[in-house]
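Trainee: I am new to this structure. Can we go through some of the terms used for it?

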Amino acid sequence: MRILIVNGPNLNLLGQREPQWYGNVSFENFVEDLRCRFPEAQLEHFQSNSEGALIDCLHQLGRQASGIVINAGAYSHTSIALADALTAVGKPTVEVHISNVFARETYRHHSYLAARCVGCIVGLGLEGYALAIEYLLRQHVPGS
Ligand code: DQA
């Protein structure tokens, strides 16, 4: 099963940025760990700090995937365009936030993407990505 992991702005700095919220592990290292843990999944990872590049990625790689895991960072709280891209692509998508956004500033409590996703995993650290992949693998109907 092909699963696309999309990370938005500033998530390229995982492991360096605000470790109290986001931990000490870089996503490059973590994605290798995910590949070992889920050999049955074909995991593709895309990160960009640019909203347009994230939308282009969803249009191109998202269409070819059977499921999507997305952490759009701050764009989750602002981007109707990304939400529309998820609807247009129409693949089962899980939204992930590493930190518990509900324990933070109120402007982080709303996500434009959430209603376009099958579900959201919030505040469980990087493990949220693994849980999202596990869910998508369990739901997957081969050939779809
Ligand atoms: C985040 C939460 C967002 O509010 C923030 O802007 C991020 C990371 C998270 O994974 O906890 O960049 O999406």
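Mentor: Start with pairing: two strands pair if DSSP finds at least two bridges between them. Helices (H or I, at least four residues) and strands (E, at least two) are DSSP runs, numbered from the N terminus. This is a predicted model, where local features need pLDDT of at least 70, side-chain atom pairs count only at pLDDT 80 or more, and totals for chains, interfaces and linings use all residues. Residues are numbered from 1 along each chain as its sequence is written, and side-chain values use heavy atoms, with hydrogens and water left out.

Trainee: What makes β4 and β5 (residues 119–122) a pair?

Mentor: They share 4 bridges, and the sense is parallel. The definition asks for at least two, so they pair. Within β5, I121 stands opposite V96.

Trainee: How do you know that β3 (residues 67–71) pairs with β4?

Mentor: 3 bridges join these parallel strands. I70 has E95 of β4 as its bridge partner. From β3 the chain crosses through helix α4 (residues 80–89) to β4, in a right-handed β-α-β crossover (with the strands pointing away from the viewer, the path from the first strand over the helix to the second runs clockwise).

Trainee: Why is β4 (residues 93–97) called largely enclosed?

Mentor: Buried means under 20% relative accessible area, exposed over 50%, partly exposed in between (1.4 Å probe, protein chains only). In β4, 5 of the 5 residues are buried, so the rest of the structure largely encloses this strand. T93, E95 and H97 cover one side, V94 and V96 the other.

Trainee: Why is G8 called buried?

Mentor: Its relative accessible area is 0%. The cut-off is under 20%, so G8 is buried. G8 lies in the loop between β1 (2–7) and α1 (19–22).
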